[in-house]
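Let's take a walk through a protein model, starting with pairs of charged side chains and ending with a helix. Have the structure open and follow along.

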Amino acid sequence: MIHSYDDIGLAHKALEAAEAYSKVAPDCPHALHMPSHTFVDLGMWEEAIESNKRSMEAALAYDRILYKNDSTVGSRDPISEEFAHALSFLSFAQMQLARDEEVKTSLETFIFDKEGKKYAIDDGTVADALASIALRYYIERDDWAPLESFQLMPSYFPWATFPWANLF
């Protein structure tokens with residue numbers, strides 16, 4: 001239902017479902033994120049922020065278990081598709097409330113980490129989130145100069161696998 005009404009003009013029809021869905025599976029990253037589609041469409045920025053923060057926490061908890069024996073991750077926190085998608089929605093909502101510093105912190109922590117302290121799972125959703133969050137930060141602020149020399153980050157992410165991301 002949430003995706004069926006994922007449109008600014010129809011989102012009000014999904015609000016009851018979105019609010020209910022946020023309580024159904026409190027440890028499921030996707031269930032915690034989905035209501036934010038409706039919240040964003042309705043301009044409910046605080047609710048979207050809370051929804052995605054909860055989703056990101058659940059994603060990290062799940063991913064720490066899922067990837068704990070993955071030698072490419074080591075002790076780093078993985079950035080899975082669920083985490084990245086929630087981070088993308090979170091940063092968008094924060095930008096709408098002019099919380100630029102919070103978005104900048106997310107960028108520096110999860111995307112512009114040149115030391116490779118975080119691990120991004122090779123996934124199209126992750127590629128989309130990593131590229132769009134960084135670009136949105138500059139575009140929403142009308143800060144066009146950095147885009148002249150913009151490079152997709154983090155450098156260790158396999159961008160060649162997702163050539164469409166370079167179209168941003």
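Start by finding Arg-141 and Asp-143, whose side chains meet in a salt bridge, with N and O 3.5 Å apart. A salt bridge here is a side-chain nitrogen of Lys or Arg within 4 Å of a carboxyl oxygen of Asp or Glu. Why do such pairs form? Side chains of opposite charge can pair when their charged atoms come close. Arg-141 has a relative accessibility of 32%, so it counts as partly exposed, and Asp-143, at 25%, is partly exposed too. For these labels, buried means under 20% relative accessible area, exposed means over 50%, and partly exposed is in between (1.4 Å probe, protein chains only).

Before going on, keep in mind that this is a predicted model: local features need pLDDT of at least 70, side-chain atom pairs count only at pLDDT 80 or more, and totals for chains, interfaces and linings use all residues. Residues are numbered from 1 along each chain as its sequence is written, and side-chain values use heavy atoms, with hydrogens and water left out.

How many salt bridges does the structure hold? There are four. One of them links Glu-46 to Arg-99, with the closest N and O atoms 2.4 Å apart. Glu-46 sits in helix 4 (residues 45–66), while Arg-99 is in the loop between helix 5 (81–96) and helix 6 (100–111), so this pair ties together parts that are 53 residues apart in sequence. Helices, by the way, are DSSP runs of H or I with at least four residues, numbered from the N terminus. Arg-99 also has a salt bridge with Glu-102, at 3.9 Å from N to O. Glu-46 is partly exposed at 44% relative accessible area, as is Arg-99 at 24%, and Glu-102 at 32%.

Now slide along to helix 7, which covers residues 124–140. With 17 residues at 1.5 Å a residue, helix 7 should span 24 Å, and its end C-alpha atoms are 23 Å apart, which agrees. (The expected span is 1.5 Å times one less than the number of residues.) Is helix 7 enclosed or open? Twelve of its 17 residues are buried, so helix 7 is largely enclosed by the rest of the structure. Among the buried ones are Val-126, Leu-130, Ile-133, Arg-136 and Tyr-138.

Finally, check both ends. At the start of helix 7, a side-chain oxygen of Asp-123 reaches to within 2.7 Å of the backbone nitrogen of Thr-125. After helix 7 comes Asp-142, whose phi is positive, near 55°.

Definitions and conventions. Helix = DSSP H or I, 4+ residues; strand = E, 2+ residues; numbered from the N terminus. Expected span 1.5 Å × (residues − 1). Polar contact = N/O pair within 3.5 Å; in protein donor to acceptor, adjacent residues only side chain to side chain.
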